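Subject: Structure for you to look at

Hello,

Here is the structure you will be working with.

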Amino acid sequence: MSAEPGKAAHEHAVLLNAIADGANEYPKPEHVNYTYGTAGFRTLATKLPSVLFRVALLAVLRSKRLEGATIGVMVTASHNPEPDNGVKLVDPSGEMLDPNWENHATALANCPTTESLISTFTTLVTHLRVDLHQPASIVYARDTRPSGPDLIQALEAGFKAFGASVKIVDVGVTTTPILHYVVKATNDKSGSYGKPTVEGYMEKTATAFKTLIGSKGPLAPLYVDCANGVGANALTEITKHIGDIIPIHPINTATTTPGALNSQCGADFVKTKQALPPSVQSAGYLSKPGTRGCSYDGDADRIVYYYLHETKGTFRLLDGDKIAVMVAMFFGDLVAKAKLEGDNKLKVGVVQTAYANGSSTKYLTSRNIPVTCVSTGVKHLHHAAQRYDIGVYFEANGHGTVLFSPQALQTLRDAQPTSPDSANAIKHLLAFSDLINQAVGDAVSDMLLVEAVLAHKGWRASDWDAGYEDLPNRLVKVEVPDRSIFVATDAERKLVHPVGLQAEIDKAMAKVEMGRSFVRPSGTEDCVRVYAEANSQVEAETLAKTVVDLVEQSSQMS
Ligand code: NG1
Ligand code: ZN
């Protein structure tokens, strides 16, 4: 209780009045139902101002609940079309928002009136035991979407309702992973994680990359498709630091051209179409054999690589699975070279989702690298990866990173190397832990990770690709009247509802050589996704078609 109850009551009334004013300025549109999904709130930007205002309130409550720890807010819709936008919260460790709080975000976003918003807010304060007298600290950023500035205004209106008790830092236009980095670095009071600024990120990443490349540079040129998004800015900045050791050629950097973002380019385009972006194809950037290209997505938290087959000239995709396999094998070798013994031995493991190509899983398990399969969504992968000393996680679509446990880092720092080889391996493992964004998947740092591993192995893209051949596969979006009738289990590899459908899918799989298929409702779009893989493209297509038909039939029956 406050020593001055009258003053506290007055302050509370002022706060609620300020919230009411903001809520009136940013009213919730009628007939819209919001859900804080795997990627936060994401929809047409015109529907989002009220959500931004309310998300600001929740961010402040979370920071106050955590005694002033810094919370991040990122305004982006990643690979979605330009008219969309979105917002997600970042927890103090740089990870995604605690899932329990996702429901509070949804509740606030859906309050139909100012009165109901005030009442839900007040209930949350009590229920979550938030002391409004605590300080709060927020950092926020946005991608390059034209709707960003107006949405940021709505967000700031929410912070301002709390007056001087909230410290806010606008990181400006930057990538999602850089914002996650800034949040983690701000909360690391030891200062060892790095300076909590965009420049701090660039310095830390560049220094680690230089240590790893050493005298192996300059590397071969790399073509980078920035999806006409914010990754172009980050790439320009990092190139200032490392451009002399890796000649980087940015492509699709038109961040201010209306309609260009994610259009006919970017990681999602390449992964879905299994083809080069037309801009890369027509300019012939990759025509010189062995030339590597990569594509970021709109907020630069995903990356996929590719090259053209050296004799056939065909498109070869090196997706998240290929990155995970190469990186995990490489770290396995490096850990062996470090010669850490007994309790200090480090265990490298990989975390995938059901969308990982079956060949990648088989390749890893046959080489004794443990693989965990979890539900779709970065938070699931991230948490499972934390259970390894060195946990490599990637979604097939190119979102992923590598986590070093605090104990593993301590072991490496304290190690007494027994030979120059083991000393080098330990030095390199520590440099990789600095290069890799430990908070979240990051296209820029993952790109430099891939480049450093290729340089250490002395590999071209074709050597990397040679490990295993992807099983032909097909991913289909099915629009159904109500996707909530589809309920999955077992890391989303099986359906429990509608009852009987899984048995039909099992029968269809059994008819196809190496057949594997599963169905799950999307967490980011109003659709159900059907994945199928098989020994040949024709069989993968047939299996996908059969399962799509089954999904449509059961949807009509219910
Ligand atoms: P949904 O819409 O739940 O399938 C998609 C991706 C996820 C993840 C999230 C977040 C596929 C099949 N799904 O999720 O991997 O990246 O978006 O952006 O790629
Ligand atoms: Zn993204």
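**Notes on the structure**

S78 is buried, because its relative accessible area is 4% (buried means under 20% relative accessible area, exposed over 50%, and partly exposed in between, with a 1.4 Å probe and protein chains only). Before going on, note that this is a predicted model, in which local features need pLDDT of at least 70 and side-chain atom pairs count only at pLDDT 80 or more, while totals for chains, interfaces and linings use all residues. Residues are numbered from 1 along each chain as its sequence is written, chains are lettered from A and ligands numbered from 1 in the order in which they are written, and side-chain values use heavy atoms, with hydrogens and water left out.

**The zinc ion**

S78 sits in the loop between β2 (70-75) and β3 (84-90). Helices (H or I, at least four residues) and strands (E, at least two) are DSSP runs, numbered from the N terminus. Which atoms coordinate the zinc ion (ligand 2)? They are S78 (OG), D297 (OD), D299 (OD) and D301 (OD), at 2.0 to 2.1 Å. Donors are N, O and S atoms within 2.8 Å of the metal (3.2 Å for Na, K and Ca); water is not among the atoms, so sites may look incomplete. Along the sequence, the donor residues follow the spacing S-x218-D-x1-D-x1-D. D297 and D301 are buried.

The arrangement around the zinc ion (ligand 2) is irregular, because the four donor atoms subtend angles of 85 to 171°. Four donors count as tetrahedral if all angles lie between 85 and 135 degrees; four count as square planar and six as octahedral if opposite donors are over 155 degrees apart and all others between 65 and 115; anything else is irregular.

**Backbone**

Most residues other than glycine have a negative phi, and most peptide bonds are trans. S78 is not a glycine, yet has a positive phi of about 50°. Q264, also not a glycine, has a positive phi of about 60°. Q264 is in the loop between β7 (248-251) and α9 (266-273) and is partly exposed, with a relative accessible area of 47%.

The peptide bond from G217 to P218 is cis, with omega near -10°; P218 belongs to the loop between α7 (198-213) and β6 (222-225). The bond from H497 to P498 is cis too, with omega near -10°, and P498 is found in the loop between β17 (494-497) and α18 (501-510). Helix α18 contains I505, which counts as buried at 0% relative accessibility.

An open sheet is formed by three strands in the order β15-β19-β18, with antiparallel pairing (two strands pair if DSSP finds at least two bridges between them). β15 (473-478) and β18 (516-521) are the edge strands, each pairing on one side only. Between β15 and β19 (residues 528-533) there are six bridges, and L475 stands opposite Y531 in β19.

What surrounds ligand 1? The residues include R302, Y355, E395, R520 and R529. A polar side-chain atom of R520 is 2.7 Å from an oxygen atom of ligand 1, and for R529 the distance from a polar side-chain atom to an oxygen atom of ligand 1 is 2.6 Å. In the side chain of E395, an N or O atom is 2.8 Å from an oxygen atom of ligand 1.

Regards

Note on methods. Near = heavy atom within 4 Å. Polar contact = N/O pair within 3.5 Å; in protein donor to acceptor, adjacent residues only side chain to side chain.
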